[in-house]
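Trainee: I have a structure open and I'm new to it. Can you walk me through what is in there?

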Amino acid sequence: MKPKILLIVGFLSVIWAVETLNGFMGHRLSTWGILPRTEIGLRGIPLSPFLHDSFNHVLSNTVPFLILGGLVALRGSQKLIGVSLFIIVVGGAGVWLIGRPAIHVGASGLVFGYFGYLVANGWFDRRPISIFAAIAVIVVYGSLVFGVIPTTGFVSWEAHLFGLLAGVLSARLTRRVRTQTAPLATDHD
């Protein structure tokens, strides 16, 4: 359990360290976010979850990142790393392909991805613990789904949407395959 917690806390510590440095630099590092459909914007795919436009921005992502990321981490360190990388790459690629021409930064795409993964995992896995986790996540964080609606120009609803979709896809692709023995069909004529 301890390495899993250290992993998620370590990841969050890196995000906060980058934000602290970024803050001292007048948030100039944020220009390294995803700039859709540009060659230079491709670098933002792996970097955008570490970059934020303010301390309030990173603070708003901190608690859901710890809780939802922690729930993913309960499935194992390798699962957390794999799901996180998948969401960052696939969700970021979606933003790069379809996002508005603005610089997209923040860990909220990853937060939405964790949400999507946990809910979809309950559906695909169908074990009681996975279903219970999915229900708990929906009850506590269900209002997140409204973040995929374009409401304000400065919120990357695209990162929210593609993070969510990447999380669902990750759950689908990594689901446990249940082996069921089918009844033996015989011909008794």
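Trainee: How many aromatic pairs are there in the whole structure?

Mentor: Four aromatic pairs turn up in a search of the whole structure. Keep in mind that this is a predicted model.

Trainee: How is a ring pair described?

Mentor: By two values: the distance of the centres and the angle of the planes.

Trainee: What are those values for Phe11 and Phe50?

Mentor: The centres of Phe11 and Phe50 are 5.3 Å apart, with 55° between the planes. That makes the pair tilted.

Trainee: Where do Phe11 and Phe50 lie?

Mentor: Phe11 is in helix H1 (residues 2–24). Phe50 is in the loop between helix H2 (44–47) and helix H3 (55–73). They are 39 residues apart in sequence, so the pair ties those parts together.

Trainee: Are they buried or exposed?

Mentor: Phe11 and Phe50 are both buried.

Trainee: What about the rings of Phe65 and Tyr114?

Mentor: Their centres are 5.8 Å apart and their planes meet at 45°, so this pair is tilted.

Trainee: Which residues do the ring pairs link into a cluster?

Mentor: Phe11, Phe50, Phe65 and Tyr114.

Trainee: Let's stay with Phe65. What does it touch?

Mentor: Leaving out residues up to four places away in sequence, Phe65 touches Ile8, Phe11, Leu12, Ile15, Gly70, Leu110, Val111 and Tyr114. Its relative accessibility is 0%.

Trainee: And Tyr114, what is it in contact with?

Mentor: Beyond its neighbours within four places in sequence, the contacts of Tyr114 include Ile8, Phe11, Phe65, Leu68 and Gly69. Val72, Leu80, Val83, Ser84 and Ile87 are also among them.

Trainee: Now the core. Which residues touch the most other members of the largest nonpolar core?

Mentor: Phe11, Phe65, Leu68 and Tyr114. That core has 30 residues.

Trainee: Which elements give two or more residues to it?

Mentor: H1, H3, H4, H5, helix H6 (128–141) and H7 do. The largest share is from H5, with eight residues.

Trainee: What follows H5?

Mentor: Arg126 does, and its phi is positive, near 60°. The charged end of Arg126 also sits over the ring of Trp123, 4.6 Å from the ring centre.

Trainee: Which ring does the charged end of Arg43 sit over?

Mentor: The ring of Trp32, at 3.9 Å from its centre.

Trainee: Next, H4. How far does it reach?

Mentor: H4 has 22 residues and reaches 31 Å from first C-alpha to last. That is close to the expected 32 Å.

Trainee: What do the buried residues of H4 pack against?

Mentor: They pack against H1, H2, H3, H5 and H7. Leu80, Val83, Gly91 and Trp96 are among the buried residues in H4.

Trainee: Last topic. How many salt bridges does the count come to?

Mentor: Two. In one, Arg100 pairs with Glu158, with the closest N and O atoms 2.7 Å apart. Arg100 lies in the loop between H4 and H5 and Glu158 in helix H7 (residues 157–173), so the bridge ties together parts that are 58 residues apart in sequence.

Trainee: How accessible are the two ends?

Mentor: Arg100 is partly exposed, at 24% relative accessible area. Glu158 is buried, at 1%.

Trainee: And the salt bridge of Asp125, which residue does it meet?

Mentor: Arg127, at 2.8 Å from N to O. Asp125 is buried at 2% relative accessibility, while Arg127 is partly exposed at 30%.

Key:
Residues are numbered from 1 along each chain as its sequence is written. This is a predicted model: local features need pLDDT of at least 70, side-chain atom pairs count only at pLDDT 80 or more; totals for chains, interfaces and linings use all residues. Side-chain values use heavy atoms; hydrogens and water are left out. A salt bridge is a side-chain nitrogen of Lys or Arg within 4 Å of a carboxyl oxygen of Asp or Glu. Helices (H or I, at least four residues) and strands (E, at least two) are DSSP runs, numbered from the N terminus. Buried means under 20% relative accessible area, exposed over 50%, partly exposed in between (1.4 Å probe, protein chains only). Rings of Phe, Tyr and Trp (its six-membered ring) pair if their centres lie within 6.5 Å; planes under 30 degrees apart count as stacked, over 60 as edge-to-face and the rest as tilted. A charge sits over a ring if NZ of Lys or CZ of Arg is within 6 Å of the ring centre and within 35 degrees of the ring normal. A nonpolar core is a set of buried Ala, Val, Leu, Ile, Met, Phe, Trp, Tyr and Cys residues joined through side-chain atoms within 4.5 Å. Contact means heavy atoms within 4.5 Å. The expected span of a helix is 1.5 Å times one less than its number of residues.
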